[in-house]
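This briefing goes through one protein model, from a single side chain up to the overall fold. Keep the structure in view while reading.

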Amino acid sequence: MHIIAFGDIHERTEDIEKIKDLSRADCVIITGDLTNVGGIDKARLVLESVRRYNSNLYAQAGNFDQKAVQDYLTELHINLHANGFLIGNIGIFGVGGSNHTPFNTPIEYSEKEIENFIYQGFAKVKDAALKIFVAHAPPFNTSVDVVAGGHHVGSKAVRSFIEEHQPQACITGHIHEAAGRDTIGQTIIINPGMLKNGGYVKILIDSKGIRAELKKLKA
């Protein structure tokens with residue numbers, strides 16, 4: 001199986017067509033921030049831009065999406081937030097929004113709320129042999145949650161879950177300047193950063209397990 005994941009689009013859809021093999025992926029994951037404080041109309045345009053190349057899509061709202069976007073994604077039966085989907089022996093589940101920020105963005109949660117949302121999704125995929133955790137906010141105290149000045153601003157609930165349950169991969173985002181790769185135990189963590197800056201994730205799943213790679217847009 002071949003999965004493409006990316007996020008932090010912020011309505012910049014012109015780069016979607018540059019993602020290599022997007023149309024050949026078995027499914028596509030959007031990790032959050034489809035819009036720039038936009039609602040359903042803006043989110044719809046982003047989804048339509050992706051579906052021109054691949055209609056097998058899962059998504060969740062990030063902290064920069066209006067709360068109505070969560071309900072819209074649920075109506076489309078593609079919402080990863082507090083939810084999970086099984087594809088064969090693979091479980092994909094997620095948590096959208098973010099922990100609290102200084103900017104009062106539209107979708108922010110307490111760490112306890114984030115924990116509850118994670119476990120709601122996890123319950124739907126817990127028996128899957130392989131698991132992909134999609135967390136818009138990155139796990140705390142990693143190389144992918146660092147803002148300018150060196151402060152770690154990720155979610156402690158996301159980190160605690162990973163430490164305890166060790167999903168094979170965690171695909172994240174939110175902190176644009178912290179694009180990169182890290183690990184917690186056996187869990188691979190990748191933040192591709194903003195799509196307009198060229199980052200996306202290619203996930204390959206075969207008999208050997210899950211391999212996740214940070215990729216760059218083609219020129």
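Predicted model: local features only at pLDDT ≥ 70, side-chain atom pairs only at ≥ 80, totals over all residues.

Which backbone oxygen lies 2.6 Å from a polar atom of the side chain of Thr187? It is the backbone oxygen of Pro167.

**Thr187**

- Thr187 belongs to strand 11, which covers residues 187-191.
- With a relative accessible area of 0%, Thr187 is buried, because the cut-off for buried is under 20%.
- Beyond its neighbours within four places in sequence, Thr187 is in contact with Ile162, Gln166, Pro167, Gln168, Ala169, Cys170 and Asp182.

**Asn141**

- Asn141 sits in the loop that runs between strand 8 (130-135) and helix 4 (156-165).
- Is Asn141 buried, partly exposed or exposed? Its relative accessible area is 43%, so Asn141 is partly exposed, a class that lies between under 20% and over 50%.
- Not counting residues up to four places away in sequence, Asn141 touches His152 and Arg159.
- With His152, the side chain of Asn141 makes a polar contact, side chain to side chain, at 3.5 Å.
- Gly180 is 39 residues from Asn141 along the chain, and the C-alpha atoms of the two are separated by 14 Å.

**Helix 1**

- Helix 1 has twelve residues, 40-51, and at 1.5 Å a residue it should span 16 Å. The C-alpha atoms at its ends are 16 Å apart, which agrees with that expectation.
- The buried residues in helix 1 are Ala43, Val46, Leu47, Ser49 and Val50. They cover an arc of only 155° around the axis, so they lie on the same side of helix 1.
- An α-helix has 3.6 residues a turn, so residues three or four places apart point the same way.
- The cover over the buried residues of helix 1 includes strand 1 (2-6), strand 2 (27-30), strand 3 (57-59) and helix 2 (67-75).

**Helix 2**

- Which residues of helix 2 are buried? They are Val69, Gln70, Tyr72 and Leu73. Their arc around the axis is only 165°, which means that they are on the same side of helix 2.
- The exposed residues Lys67, Asp71 and Glu75 are on the face of helix 2 turned away from its buried side.
- Helix 1, strand 3 and strand 7 (108-109) are what the buried residues of helix 2 pack against.
- After helix 2 comes His77, which has a positive phi, near 65°.

**The whole protein**

- The secondary structure consists of four helices and 13 strands. The radius of gyration is 15 Å, close to the 17 Å that the globule rule gives for 219 residues, so the protein is as compact as a globular protein of that length.
- Along the principal axes, the C-alpha atoms fill a box of roughly 45 × 40 × 35 Å.
- Of the 219 residues, 56% are buried.
- The accessible surface is about 9,400 Å², and carbon and sulfur atoms account for 48% of that area.
- Among contacts between residues at least 6 apart in sequence, 63% join residues at least 24 apart.

Notes
Residues numbered from 1 in each chain as written. Heavy atoms only, no water. Helix = DSSP H or I, 4+ residues; strand = E, 2+ residues; numbered from the N terminus. Expected span 1.5 Å × (residues − 1). Buried < 20%, exposed > 50% of the residue type's maximum accessible area, 1.4 Å probe, protein only. Arc of directions from axis to C-beta. Contact = heavy atoms within 4.5 Å. Rg over C-alpha atoms; globule rule 2.2 N^0.38 Å. Areas by Shrake-Rupley, 256 points an atom, 1.4 Å probe, with all protein chains shown as cover. Polar contact = N/O pair within 3.5 Å; in protein donor to acceptor, adjacent residues only side chain to side chain.
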